[in-house]
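Have a look at the model first, then read on.

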Amino acid sequence: MQVIMKKYVYLIRHGTTAANQQNCLYGHSDVPLARAGIAQVKALANLGAYPNPANAAFYTSGLLRTEQTLALIYGEVTHVKLDSLKEIAFGAYEMKTHDSLKNDPVYAAWAKDESGLLAPPGGESLRQFSERVKHGLQTILSAGEEHSVVVCHGGVVGVMMMSYFDDYSNNIYQWIPAPGHGYTVIFDGSFPSRYEAF
């Protein structure tokens, strides 16, 4: 009888940034945590909100906000930086707000697109982004670690959760956790069986 090994993947969204506070679209822009974001993550860590498994593998997207969040929670741990875990690339819309773009017809068409096939000028479509993120998660699962801590981005967490646990609404936004929060996902082998929010 084959024993299926359980794997635990802890998906943590980075803390709040100034770009969050200003409601900017930002994905690949390498912005730091805001002071409020640093305080927020420290407070959650002090409350014991984050999982702390022994012998975990650690991953980030390599962007500053995820590096800072990882260090605030777990200290200067050895970790792997995966480009596939970066937030969606907004291209020409990086660091701009909806209000500043709403009268642009190209932006309006992209914002209303439900197919996931349209991309911002110089950016990624939701479909391209989703495929990249799924590849990143497969890289993590293939490493064979029982516990993997992944500090990444709201859209990345949303894509992972939607692809595994939402067959019907196809609404990424309902899966995006608040900054500094996330999910524990339990896998039976490579199959996700359940999750818990934290």
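Helices (H or I, at least four residues) and strands (E, at least two) are DSSP runs, numbered from the N terminus. This is a predicted model, so local features need pLDDT of at least 70 and side-chain atom pairs count only at pLDDT 80 or more, while totals for chains, interfaces and linings use all residues. Residues are numbered from 1 along each chain as its sequence is written, and side-chain values use heavy atoms, with hydrogens and water left out.

**Helix H2**
- H2 takes in residues 35–46, twelve in total, and reaches 17 Å from its first C-alpha to its last, close to the 16 Å expected at 1.5 Å a residue (the expected span being 1.5 Å times one less than the number of residues).
- Gly 37, Val 41 and Leu 44 are buried in H2 (buried means under 20% relative accessible area, exposed over 50%, partly exposed in between, with a 1.4 Å probe and protein chains only).
- They cover an arc of only 65 degrees around the axis, which puts them on the same side of H2; the arc is that of the directions from the helix axis to the C-beta atoms.
- Over on the other side of H2, Arg 35 and Asn 46 are exposed.
- What the buried residues of H2 pack against is helix H3 (64–74) (contact means heavy atoms within 4.5 Å).

**Helix H6**
- With 17 residues (126–142), H6 reaches 24 Å from first C-alpha to last, close to the 24 Å expected at 1.5 Å a residue.
- Its buried residues include Phe 129, Val 133, Leu 137 and Ile 140.
- The buried residues of H6 pack against strands S1 (6–13), S3 (57–60), S6 (147–152) and S7 (182–188), plus helix H7 (154–165).
- Gly 144 follows H6, and its phi is positive, near 85 degrees.

**The sheet**
- Six strands make an open sheet in the order S4-S3-S6-S1-S7-S8, with mixed pairing (two strands pair if DSSP finds at least two bridges between them).
- S4 (80–81) and S8 (191–197) stand at the edges with a single partner strand each, so one side of each is left without a neighbour in the sheet.
- S3 and S6 run parallel and are joined by four bridges.
- Ala 57 sits opposite Ser 148 in S6.

**Cysteines**
- Zero disulfides turn up in a search of the whole structure (a disulfide is a pair of cysteine sulfur atoms within 2.5 Å).
- Cys 24 is buried, at 15% relative accessible area.
- Cys 152 is buried too, at 0% relative accessibility.
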